[in-house]
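Me: I'd like to learn how to read the features of a protein model. Could we go through one together?

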Amino acid sequence: MADYKGPLDYIDVQTRIVEFRNQYPTGSLQQVRYEVITVGNKNFIAYTAAAYRTPEDQRPGIGTAWEPIPGPTNFTRDSEMQNAETAAWGRAIVAALAADTKKGIASAEEVRNRQMTPTQKAQRELADAVTAAGMSPKEFADWALRTREVDVKTAGSVALAALTREVQEKGKKILEPDHDTAQQTLMDGLGAKESKR
């Protein structure tokens with residue numbers, strides 16, 4: 001595995017489709033089913049496809065692929081269904097023995113979609129921690145901006161990791177003002193009232 005180059009070591013689905021069409025000109029790729037599945041506290045789109053070598057094919061190649069919802073990377077977010085479909089097609093073609101698997105069953109797209117930058121990984125870990133703590137992502141994002149001056153959409157991985165640790169340690173209580181902050185807010189409010197007199 002020392003020569004691993006990432007997605008370049010895998011065959012993309014587009015190439016697998018070309019190989020399939022060259023071998024089976026009357027073949028087709030068809031949806032078998034799709035469904036949203038929840039595992040733990042995560043949702044996935046599960047897509048199953050069939051690669052029919054001929055219109056009369058009694059034993060088509062079947063491939064299934066799952067994509068997390070929401071997609072964890074810029075390549076998968078807001079196109080989870082399309083990515084699951086493409087991956088399932090590639091796997092169905094392999095199952096129909098119509099594509100080379102010397103470079104692996106996973107397609108180049110599947111490998112690329114699983115590679116996250118450190119910031120994307122930190123965003124995913126924070127989102128998982130916030131969800132596990134039972135908080136609304138928007139409420140938490142507003143809190144982080146207001147109390148920690150961290151915009152969770154643009155912050156770097158170090159700031160996001162610090163927020164994740166804080167959420168994991170304190171849970172939903174993180175949204176409650178601490179005593180010093182509450183005291184200061186009360187004093188500020190009282191001071192504002194006194195200055196109006």
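Me: Is the crossing of α5 and α6 left-handed or right-handed?

Reply: The crossing of α5 and α6 is right-handed. A crossing is called right-handed if the near helix is turned clockwise from the far one by less than a right angle, and left-handed if anticlockwise. Before we go on, please note that this is a predicted model, where local features need pLDDT of at least 70 and side-chain atom pairs count only at pLDDT 80 or more, while totals for chains, interfaces and linings use all residues. Residues are numbered from 1 along each chain as its sequence is written, and side-chain values use heavy atoms, leaving out hydrogens and water.

Me: Thanks! How many helices and strands does the chain have?

Reply: Helices (H or I, at least four residues) and strands (E, at least two) are DSSP runs, numbered from the N terminus. Here the chain has seven helices and three strands. Along the sequence they follow the pattern α-β-β-β-α-α-α-α-α-α.

Me: Back to that pair, then: at what angle do the axes of α5 and α6 cross?

Reply: In general, two packed helices are described by the angle between their axes and the distance between the axes. Axes are lines fitted to C-alpha atoms, for helices over the stretch in contact, and the angle runs from 0 to 180 degrees between N-to-C directions. For α5 and α6 the axes cross at roughly 110° and come within 13 Å. The two helices therefore count as roughly perpendicular; that label covers 65 to 115 degrees, with under 35 roughly parallel, over 145 roughly antiparallel and the rest oblique. F140, W143, A144 and R148 of α5 make the contact with L163, E166, V167 and K170 of α6, where contact means heavy atoms within 4.5 Å.

Me: How do the residues of the contact of α5 with α6 divide?

Reply: They divide into five nonpolar, no polar and three charged. In this scheme Ala, Val, Leu, Ile, Met, Phe, Trp, Tyr, Cys and Pro count as nonpolar, Asp, Glu, Lys and Arg as charged, and the others, Gly among them, as polar.

Me: And how do α4 and α6 pack?

Reply: Their axes are 9 Å apart, at an angle of about 20°. That makes α4 and α6 roughly parallel. The crossing in this pair is left-handed. Residues of α4 that meet α6 include L126, A129 and V130, and those on the α6 side include L163 and V167. The contact of α4 with α6 divides into eight nonpolar, five polar and one charged.

Me: Which residues touch the most other members of the largest nonpolar core?

Reply: A nonpolar core is a set of buried Ala, Val, Leu, Ile, Met, Phe, Trp, Tyr and Cys residues joined through side-chain atoms within 4.5 Å. Buried means under 20% relative accessible area, exposed over 50%, and partly exposed in between (1.4 Å probe, protein chains only). This core has 16 residues, and L126, F140, L163 and V167 touch the most other members. α4 (118–132), α5 (137–148) and α6 (157–170) each supply at least two of its residues, and the largest share, four residues, comes from α4. A second, separate core of 14 residues includes V13, A88, A92 and I93.

Me: Where is V13 found?

Reply: V13 is in helix α1 (residues 13–23). It counts as buried because its relative accessibility is 2%. V13 and A88 are 75 residues apart along the chain, yet their C-alpha atoms are separated by 9.4 Å. α1 and α2 (residues 80–95) pack with axes 9 Å apart at about 40°, so they are oblique. V13, R16, I17 and F20 of α1 contact T86, W89, G90, I93 and V94 of α2.

Me: Which peptide bond is cis, and which residue other than glycine has a positive phi?

Reply: Most residues other than glycine have a negative phi, and most peptide bonds are trans. The bond from I69 to P70 is cis, with omega near -5°. P70 lies in the loop between β3 (61–69) and α2. The positive phi belongs to E149, with a value near 55°. E149 sits in the loop between α5 and α6 and counts as exposed because its relative accessibility is 71%.
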